[in-house]
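Subject: Structure handover

Hi there,

Here is the structure I promised to pass on to you. Please open it next to this message while you read.

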Amino acid sequence: VIVVVYYVLAMFQLVLMRDVINIPPHRLGWELTRNLRDQLAIKYGDKVIHNIGLVIALFDILDMSDPVVLPGQPDVILTLEFRMIVFRPFIGEVLSGHVSKSTPEGVYVNVDFFHDIIITPECLPQETVWHEQDNSWVWKYKINGDTHDLYIDKGEAIRIIITKEKFVDMTADINKEQEGAAKVLPYMLYAQITDPGLGLLSWWS
């Protein structure tokens, strides 16, 4: 259950949550706080929460109920109130990352821990064309009557601005992975590099 969401630092949010956590019997001899942190990491670590964002890490545990053991169940059950650090940049936020790949569908960007950012062709600078032979987008930059080919190569540092986000509910049957079907992503970001100062850092150095 999501209780409260608020920003802590630019692209990160602090999310107050409440959930029931089970501690299996083989871990009952472990220190309680470590047990709880481990179980939260297993359940939420590096996972996307629908309409919230990508969980980066547990921030703290604020409260917990008394442990309960239900009849016929070996696990110890606790209700926790805790805060998670979540990656979810706001629309219009400027991010720095690296080009991970280019396809005719656009330029893909990663920011170390998140890789599902795309700049679609219409969000590239004007006069940017796809070079099939090089598998690369090329900006035909014109200045003083001359045209310079500026390649958007894999691994290049890039500055982008977020324009849109898309969440997909992975619990819905229609979105569950099926053999031979295209991969469905739970969280996707869209960006553009048409404004001055955006794009490859090498363009502005």
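Below are some notes on one helix and on a few backbone angles.

The model is predicted, so to speak of local features we need pLDDT of at least 70, side-chain atom pairs count only at pLDDT 80 or more, and totals for chains, interfaces and linings use all residues. Residues are numbered from 1 along each chain as its sequence is written, and side-chain values use heavy atoms, leaving out hydrogens and water.

Let's start with α1, residues 32–44. Helices (H or I, at least four residues) and strands (E, at least two) are DSSP runs, numbered from the N terminus.

Asn35, Leu36, Gln39, Leu40 and Tyr44 are the buried residues of α1 (buried is under 20% relative accessible area, exposed over 50%, partly exposed in between, with a 1.4 Å probe and protein chains only). They fall within an arc of 135° seen down the axis, so they line one face of the helix; the arc is taken from the directions from the helix axis to the C-beta atoms. These buried residues pack against β2 (12–23), β3, β4 and β5 (76–87), where contact means heavy atoms within 4.5 Å.

Now the backbone angles. Just after α1, Asp46 has a positive phi of about 60°. Asn51, not a glycine, also has a positive phi, about 65°, and sits in the loop between β3 (48–49) and β4 (53–64).

Happy reading!

Notes:
The expected span of a helix is 1.5 Å times one less than its number of residues.
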